[in-house]
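Take a look at the sequence and the model below.

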Amino acid sequence: MAVVIEKPGHQLETAFLALKQTFPTVKAAPLNDRKKRLEKLRHWIHSNRPRIHEAMHNDFRKAAVEVDAIELFHVLNEIKVALNNVDDWVKPKKIDAPITMLGTRSFIQYEPRGVCLIIAPWNYPFSLAIGPLVSALAAGNTVMLKPSELTPHVSALINEMASEIFDDGTVKVAEGGPEVSQHLLNLPFDHIFFTGSPAIGKLVMKAAAENLASVTLELGGKSPTIITHSANIKEAAQRSAVAKFVNNGQTCVAPDYVLADEKIAGKLVEELIAQTRKLFSINGDLE
């Protein structure tokens with residue numbers, strides 16, 4: 001089930017407690033239950049591609065082909081990888097017993113973390129919400145998902161998706177602004193996945209430490225591109241331009257600056273300009 005949280009308070013605590021109460025059942029359930037959730041998610045994405053395209057267009061004016069390329073395809077691939085490998089992932093891994101435990105057998109048993117919180121950003125509002133969700137569900141966790149309030153159409157669609165697919169109480173969606181995120185961070189989640197700035201990442205990590213929660217932080221930063229004199233200049237320029245301007249430049253690892261061998265710097269600049277013009281043109285003419 002999904003919950004819309006317009007103001008933090010009792011609703012968030014209630015939703016969290018419901019996920020916590022559901023977790024032991026999810027953990028003890030057959031592995032096939034996890035697969036069924038992932039298969040439902042995959043089917044929903046395939047069946048609702050036009051709705052996802054429309055929501056993305058309403059929030060970003062993003063073309064459908066770009067939505068498919070950078071928001072949907074890799075999520076579908078993550079589901080495929082999880083379905084193909086989850087049986088192996090959950091198997092105990094045998095390790096050598098230490099000498100002090102001679103005569104015993106040792107192994108690593110992987111277990112679900114518990115109740116997970118996913119705080120998604122606005123620049124990839126679907127993929128960076130649903131991608132982590134795939135991993136959390138494959139691992140046997142229950143999930144509170146907080147989509148970005150800056151992409152209201154996509155967030156509302158994610159809310160609908162959760163309501164349609166997860167009727168067993170494994171996933172809840174909390175819509176709202178920064179105050180909702182702050183209130184969620186005060187709750188004792190077992191793991192927090194956050195994508196955003198280093199400044200907010202520090203606050204997330206600090207809040208997680210209060211409850212000894214583990215974290216996965218995907219943080220933006222300054223990303224250099226290094227090009228040497230032996231590089232294929234045209235190819236390097238093309239790749240740099242695409243990496244910089246895909247998603248209108250709003251990507252955590254988009255190149256911020258180029259470090260180039262001075263022997264090829266002039267030619268590289270010319271080729272970068274040419275490749276950038278090509279990306280933003282039709283039949284060679286800038287729009």
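Start with aspartate 256. At 35% relative accessibility, aspartate 256 counts as partly exposed. Here buried means under 20% relative accessible area, exposed means over 50%, and partly exposed lies in between (1.4 Å probe, protein chains only).

A word on the model itself. It is predicted: local features need pLDDT of at least 70, side-chain atom pairs count only at pLDDT 80 or more, and totals for chains, interfaces and linings use all residues. Residues are numbered from 1 along each chain as its sequence is written, and side-chain values use heavy atoms, with hydrogens and water left out.

What does aspartate 256 pair with? Its partner in a salt bridge is lysine 222, with the closest N and O atoms 3.8 Å apart. A salt bridge is a side-chain nitrogen of Lys or Arg within 4 Å of a carboxyl oxygen of Asp or Glu. The pair links distant parts of the chain. Lysine 222 sits in the loop between β7 (214-219) and β8, while aspartate 256 sits in the loop between α9 and β9 (257-260). The two are 34 residues apart. Lysine 222 counts as exposed, at 66% relative accessibility.

Serine 223 lies in the loop between β7 and β8. Its relative accessible area is 15%, so serine 223 is buried. Leaving aside neighbours within four places in sequence, serine 223 is in contact with Cys252, Val253, Ala254, Pro255, Asp256 and Tyr257. Contact means heavy atoms within 4.5 Å.

Now step back to the whole chain. It has 10 helices and 11 strands. These are DSSP runs, numbered from the N terminus: helices are H or I with at least four residues, strands are E with at least two. Along its principal axes the C-alpha trace spans about 65 × 55 × 35 Å. Of the 287 residues, 43% count as buried. Among the contacts with a separation of 6 or more, 74% come from residues 24 or more positions apart.

Next, helix α9 (residues 233-245). Its 13 residues should span 18 Å at 1.5 Å a residue, and its end C-alpha atoms are 18 Å apart, so the two values agree. The expected span is 1.5 Å times one less than the number of residues. Which residues of α9 are buried? They are Ile233, Ala236, Ala237, Ser240 and Ala241. They cover an arc of only 130 degrees around the axis, which puts them on the same side of α9. The arc is that of the directions from the helix axis to the C-beta atoms. The face turned away from this buried side carries the exposed residues Lys234 and Arg239. The buried residues of α9 pack against β8 (224-227) and α10 (265-279).

Both ends of α9 deserve a look. Asparagine 232 caps the N-terminal end: one of its side-chain oxygens lies 3.3 Å from the backbone nitrogen of lysine 234. Just after α9, asparagine 247 takes a positive phi of about 60 degrees.

Move to helix α6. Its 14 residues reach 20 Å from the first C-alpha to the last, close to the 20 Å expected at 1.5 Å a residue. Its buried residues include Val154, Leu157, Ile158 and Met161. The buried residues of α6 pack against α2 (31-47), α3, α5 (127-138), β4 (142-146) and β5 (171-173).

Salt bridges come next. A search of the whole structure finds nine. In one of them, the side chains of glutamate 160 and arginine 51 meet at 2.3 Å, N to O. This pair also links distant parts of the chain: glutamate 160 is in α6 (residues 152-165), arginine 51 is in α3, and they are 109 residues apart. Glutamate 160 is partly exposed, with a relative accessible area of 38%. Arginine 51 is partly exposed too, at 29%. Arg51, Glu160 and Glu164 are linked in a network of salt bridges.

Another salt bridge joins glutamate 149 and lysine 146, at 3.1 Å, N to O. Glutamate 149 is partly exposed at 35%. Lysine 146 is buried at 1% relative accessibility.

Finish in helix α3 (residues 49-60), where aspartate 59 lies. Aspartate 59 is buried yet has no salt bridge. How far away is the nearest side chain of opposite charge? That side chain, arginine 61, is 7.5 Å away. For charge, Lys and Arg count as positive and Asp and Glu as negative, while His and the chain ends are not counted. Not counting residues up to four places away in sequence, aspartate 59 touches Thr151, Pro152, His153 and Val154.

Technical notes. A polar contact is a pair of N or O atoms within 3.5 Å; within protein, one must be able to donate a hydrogen and the other to accept it, and residues adjacent in sequence count only if both atoms are side-chain atoms.
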